[in-house]
Amino acid sequence: MDNRINHNRTTNTQFSGVKPKMNEVKNMDELIKKMVSDLLARAEREVPEYGEFRVVWEEFKNPDKTLGATDFLLKITKPPKTLEGSEKERYLELAAVKRGTPYGAETVIGFGNKEDILNKLKENNLCDKIKEKIVQLSKDLEDI
């Protein structure tokens with residue numbers, strides 16, 4: 001009787017653990033298009049015509065290391081309650097955030113009721129405008 005624990009010959013066996021998935025490096029244009037389309041779908045469901053709502057937003061991590069921001073957000077918000085007649089008004093805002101610091105930069109790229117915001121999200125040249133604004137916001141963060 002053989003009392004060896006492992007009867008297999010392991011000299012020619014190569015064991016490798018679980019290989020990590022390769023993260024696909026997406027370009028900025030693809031990420032912006034996905035962010036806009038995702039926000040459009042969410043806005044149709046989650047933004048009411050009238051009254052209060054939670055901020056609806058989509059974000060992505062910055063793939064371009066030459067820019068000062070780590071993340072970019074596109075969000076739909078409501079104006080402050082102190083503005084009269086703002087029950088139907090919404091803002092479409094773009095924000096650049098630098099994680100690890102308390103700083104961020106924001107700009108309003110659209111304003112109006114729910115239909116106006118949805119139409120803005122459907123514009124053909126919106127992704128190009130967002131890309132330009134991303135560069136500007138990143139430069140604003142570098143100045144801080």
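D71 touches E59, F60, K61, N62, A95, A96, V97 and R99, leaving out residues up to four places away in sequence. Contact here means heavy atoms within 4.5 Å. The model is predicted: local features need pLDDT of at least 70, side-chain atom pairs count only at pLDDT 80 or more, and totals for chains, interfaces and linings use all residues. Residues are numbered from 1 along each chain as its sequence is written, and side-chain values use heavy atoms, with hydrogens and water left out.

D71 belongs to strand β2, which covers residues 71–77. Helices (H or I, at least four residues) and strands (E, at least two) are DSSP runs, numbered from the N terminus. D71 is buried, and its relative accessible area is 2%. Buried means under 20% relative accessible area, exposed means over 50%, and partly exposed lies in between (1.4 Å probe, protein chains only). Two side-chain partners of D71 were found. The side chain of T70 makes a polar contact with that of D71 at 2.9 Å.

K75 is buried, with a relative accessible area of 16%. Its side chain forms a polar contact of 2.8 Å with the side chain of E106. Not counting residues up to four places away in sequence, K75 touches L39, V55, V56, W57, Y91, L92, E93 and E106.

L92 sits in strand β3, residues 90–97. With 0% relative accessibility, L92 counts as buried. Beyond its neighbours within four places in sequence, L92 is in contact with several residues, including L39, L74, K75, I76, I117 and L121. The C-alpha atoms of L92 and V56 are 9.7 Å apart, and the two residues are separated by 36 residues along the chain.

V56 also pairs with E46, a residue of helix α1. The C-alpha atoms of E46 and V56 are separated by 7.3 Å, at 10 residues apart along the chain. Leaving aside neighbours within four places in sequence, E46 is in contact with F53 and V56. E46 is partly exposed, at 35% relative accessibility.

Two packed helices are described by the angle between their axes and the distance between the axes. The axes of α1 (residues 28–46) and α2 (residues 114–122) come within 10 Å and cross at roughly 160 degrees. Axes are lines fitted to C-alpha atoms, for helices over the stretch in contact, and angles run from 0 to 180 degrees between N-to-C directions. The helices α1 and α2 are therefore roughly antiparallel to each other. Angles under 35 degrees count as roughly parallel, over 145 as roughly antiparallel, 65 to 115 as roughly perpendicular and the rest as oblique. In this contact, V36, L39, L40, A43 and E44 of α1 meet K114, L118, L121 and K122 of α2. By class, the contact has 6 nonpolar, no polar and 3 charged residues. Ala, Val, Leu, Ile, Met, Phe, Trp, Tyr, Cys and Pro count as nonpolar, Asp, Glu, Lys and Arg as charged, and the others, Gly among them, as polar.

Overall, the chain has 3 helices and 4 strands. Their order along the sequence is α-β-β-β-β-α-α. Of its 144 residues, 36% count as buried.

Terms used. A polar contact is a pair of N or O atoms within 3.5 Å; within protein, one must be able to donate a hydrogen and the other to accept it, and residues adjacent in sequence count only if both atoms are side-chain atoms.
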